[in-house]
Amino acid sequence: MFRMRWASLAGLAVILGTVVGCGSSPTAVKPKQDIPQQPILQPIAPPSGDDLDGKKSLDALRKAVPSTMAVGGKTHSWQINPDGARDYSSSTMALKRPNNREPFQMAAYVVEAKDKRVERTKALYDGRETVRLKTYFLGFLAVKVTLAYNDSRLVDPYKRTFKDTKLEQMVDVILHPEAKTRKIGTFDLRGERLDLVEVVSPAMWKDVSKEVFGLSQKNGMPIYRDTYNKSGKLFRHFDIEGLRMNPAFPPAEFSLDS
């Protein structure tokens, strides 16, 4: 029985590895069979002549990050794994930190996933070394476990951990002092205007050639991310629906007892 309970956690790696990262429709969760090799969000307007490098968008992000103490929303993500298999997930997400010198703590609840065994799983990541999980065995028996952030059950097929996919990593990629940026236009995602900025950065994952980020014109934060492999093919997508800035989360949000 104990071995079977541990086996029920095996599908968490890809699902939770892409929470903090559809199809041709930006509001869909599952990827289509034919993944485009250009941004999912096609620009509806070109960049203005005075912002071809996206500097204005990046400046807005620099201003937003220090004052952001909490973030909430629903994430949609999919990934094409090294073996060609496609995984997807949708989760509610809450991030908070006590001050802008500390990492964000994360609470994520899996709403939908390719592997149905991990739906209803809740993960609490302390932002550093530890992940606490509540998942379900046989669909009804709750199992709680505490794991290291780099435990094999929490590492995706590309060997990425929570540290590799958290919000701070996205910001580091975009704002790295040696990053090359190019604004490719704007897009309305669920009624929110985004600046689409193509980024090539030393902080990208080693198997990545470029990324396209959608930065909200309302609050400056990245709520959309397309990642391309070394062959130039889009293999990973992540976006946030209904982003809330600095909400007051109830204590139950960061508890496994809720």
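1. A residue is called buried here when its relative accessible area is under 20%, and exposed when that area is over 50%. The buried ones are L167, E168, Q169, M170, V171, V173 and I174. Please keep in mind as you read that this is a predicted model.

2. As general background, nonpolar side chains in soluble globular proteins tend to be buried together.

3. What does L95 touch, leaving aside its neighbours within four places in sequence? The contacts of L95 are M69, A70, V71, F104, Q105, M106, L167, F249 and F254.

4. Strand 8 (residues 192-200) deserves a look in your viewer, with seven of its nine residues buried. On one side, strand 8 pairs with strand 7 (residues 180-189) in the antiparallel sense over nine bridges, and T186 stands opposite D195 there. The hairpin of these two strands has two residues between them, and R190 takes a positive phi near 55 degrees in it.

5. Strand 8 also runs antiparallel to strand 9 (residues 208-216), and six bridges join the two. Here V197 stands opposite F213 of strand 9.

6. Now to the charges: the structure holds 15 salt bridges. One of them joins R153 and D151, whose closest N and O atoms are 2.8 Å apart; both residues are buried. Another is formed by the side chains of E211 and R225, at 2.6 Å from N to O. E211 belongs to strand 9 and R225 to strand 10 (residues 222-229), so this pair ties together parts that are 14 residues apart in sequence. E211 and R225 are both buried as well.

7. Salt bridges that share partners also join K55, D59 and R62 into one network. Within it, the side chains of K55 and D59 meet at 2.9 Å, N to O. Both lie in helix 3 (residues 55-67), four residues apart, which is about one turn of the helix. Are K55 and D59 buried or partly exposed? K55 counts as partly exposed because its relative accessibility is 48%, and D59 is partly exposed too, with a relative accessible area of 25%.

8. I would finish with D87, in strand 2 (residues 86-96). D87 is buried yet has no salt bridge. Why does K114 not count as a partner? K114 is the nearest side chain of opposite charge, but it is 4.6 Å away, and a salt bridge needs the nitrogen within 4 Å of a carboxyl oxygen. The side chain of D87 does have a polar contact of 2.3 Å with the side chain of N81.

Technical notes. Residues numbered from 1 in each chain as written. Predicted model: local features only at pLDDT ≥ 70, side-chain atom pairs only at ≥ 80, totals over all residues. Heavy atoms only, no water. Buried < 20%, exposed > 50% of the residue type's maximum accessible area, 1.4 Å probe, protein only. Lys, Arg positive; Asp, Glu negative; His and termini not counted. Polar contact = N/O pair within 3.5 Å; in protein donor to acceptor, adjacent residues only side chain to side chain. Contact = heavy atoms within 4.5 Å. Pairing = 2+ DSSP bridges.
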